[in-house]
Amino acid sequence: MARVCRLYPFRPILCLYRPERTEPLTASGAKFEVRFLDRGTIQPYSTRLMFSKAYYAKLGAYSSPFSGQGIPFYPLGVQPGARVLVHEVGFLAARPYWNYFRVLSPFWRLYYDMEAGHKVFFPETGRAVTLGPAHLVLIPDHQMFHTQGNEPRAKLWLHFTCARRVHPAQALPIVLRLSACEREVLRELAGLLKSKKTRSATPRVLPVGLALLHLALSRPEIRWLEEKPGHLAELLRYIEQHYREPLSNPVLARLARVSERSLTRDFLRYQGVSPRHFLMQVRVRAATDLMLSGSASLAEIADQTGFPNRAYLTRVFTKITGVSPARFRRTRGTAGATAPAQST
């Protein structure tokens, strides 16, 4: 059985997969050989694809959720009202040199390794966790950690945004022993990501990935912050409806009947961002909807979404999402078109 894989962005690879066991979530039960299409030679994966540590060091995702190794969906900040927003879902059959230092990202991560070996380490607490087939590992946004692992391991991951905030006393990373239901969803998701018909399977990756996230995030082992106070919930709804207006911090504080200092504290505690950043996220989401639904110019979109001009829209859009408006429009056929609206 053979298929062309784009595990790495620089050259197409033909993977010859020879299963020797039927365990669907075990990578060690199969042998992978790789044929480089421009050279025509076949050598085992373990000796041919480990280019160098420097090569693999460029493949990580830090500030942007798009590593270039998975299936991209929504960029950061385009749906601030969603409870869960998926950015990227990926699977690599044998990922070596998984060594990254001081990772600090504005999005959540879910990791599942089909073999034990790779580790995540949190310098603030000194806690180290080994990834493996018995559990899921969740890392919330804005948490610094290191990764370690040299040997190839089969790795599945999701990069996503979660609207809820974990309690400060929650132990990190969040380690969840797999339930039978989660194992079945993982099996289906891994099968889709390994499918020979990857393009036709892509539309199913998002709902299956969301199902896995909802199962994991609903586990009682996770401690969440209490619900938002009433004045903040009302203010968030107001911003969603009036984002075109000039909403400064003093205006927002007056609407919420709190001081500017309290307003900023509440936003950082319950939303994870400042009031101004949340407003920019809402405007970027509205701009994204206009880009996907019509052919309006950037100047027209800026005028309709509360930005003073096209240049400012471009600067804020790029800062929040990690891609420029022009690039987002060019790639919406591969990312946006395969990502149906998430109403979670």
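This is a predicted model: local features need pLDDT of at least 70, side-chain atom pairs count only at pLDDT 80 or more; totals for chains, interfaces and linings use all residues.

Visitor: In strand 12, which residue is the bridge partner of Lys119?
Guide: Helices (H or I, at least four residues) and strands (E, at least two) are DSSP runs numbered from the N terminus, and two strands pair if DSSP finds at least two bridges between them. Strand 9 (residues 119–122) runs antiparallel to strand 12 and is joined to it by 3 bridges. In strand 12, Lys119 has as its bridge partner Gln148.

Visitor: Which residue in strand 12 is the bridge partner of Val103?
Guide: Strand 12 (residues 145–148) also pairs with strand 7 (residues 100–103), in the antiparallel sense and over 2 bridges. The partner of Val103 in strand 12 is Phe145.

Visitor: How many disulfides does the count come to?
Guide: A disulfide is a covalent bond between the sulfur atoms of two cysteines. The rule applied here asks for a pair of cysteine sulfur atoms within 2.5 Å. By this rule, the number of disulfides is 0.

Visitor: Is Cys162 buried or exposed?
Guide: Buried means under 20% relative accessible area, exposed over 50%, and partly exposed in between (1.4 Å probe, protein chains only). Cys181, at 43%, counts as partly exposed. Cys162 has a relative accessible area of 8%, and is therefore buried.

Visitor: What distance separates the C-alpha atoms of Tyr74 and Thr161?
Guide: Tyr74 is placed in the loop between strand 5 (71–72) and strand 6 (84–95). With a relative accessible area of 10%, Tyr74 is buried. Tyr74 and Thr161 are 87 residues apart along the chain, and their C-alpha atoms are separated by 9.9 Å.

Visitor: With which residue does Glu182 form a salt bridge whose closest N and O atoms are 2.8 Å apart?
Guide: A salt bridge is a side-chain nitrogen of Lys or Arg within 4 Å of a carboxyl oxygen of Asp or Glu; the whole structure holds 8 salt bridges. At 2.8 Å between the closest N and O atoms, Glu182 forms one with Arg219. This pair links distant parts of the chain, with Glu182 in helix 3 (residues 180–193) and Arg219 in the loop between helix 4 (198–217) and helix 5 (230–242). Both are buried, and the network of salt bridges that includes Glu182 and Glu221 also contains Arg219.

Visitor: Is Arg285 buried or exposed?
Guide: The side chains of Arg285 and Glu240 meet in a salt bridge of 2.5 Å, N to O. Arg285 lies in helix 8 (residues 275–293) and Glu240 in helix 5, 45 residues apart. Glu240, at 25% relative accessibility, is partly exposed. Because its relative accessibility is 15%, Arg285 counts as buried.

Visitor: Within what arc do the buried residues of helix 10 fall?
Guide: The buried residues of helix 10 are Tyr312, Leu313, Val316, Phe317, Ile320 and Thr321. They line one face of the helix, because, seen down its axis (by the directions from the axis to the C-beta atoms), they fall within an arc of 130 degrees.

Visitor: Which residues are exposed on the other side of helix 10?
Guide: An α-helix has 3.6 residues a turn, so residues three or four places apart point the same way. On the other side of helix 10, the exposed residues are Arg315 and Lys319.

Note on methods: Residues are numbered from 1 along each chain as its sequence is written. Side-chain values use heavy atoms; hydrogens and water are left out.
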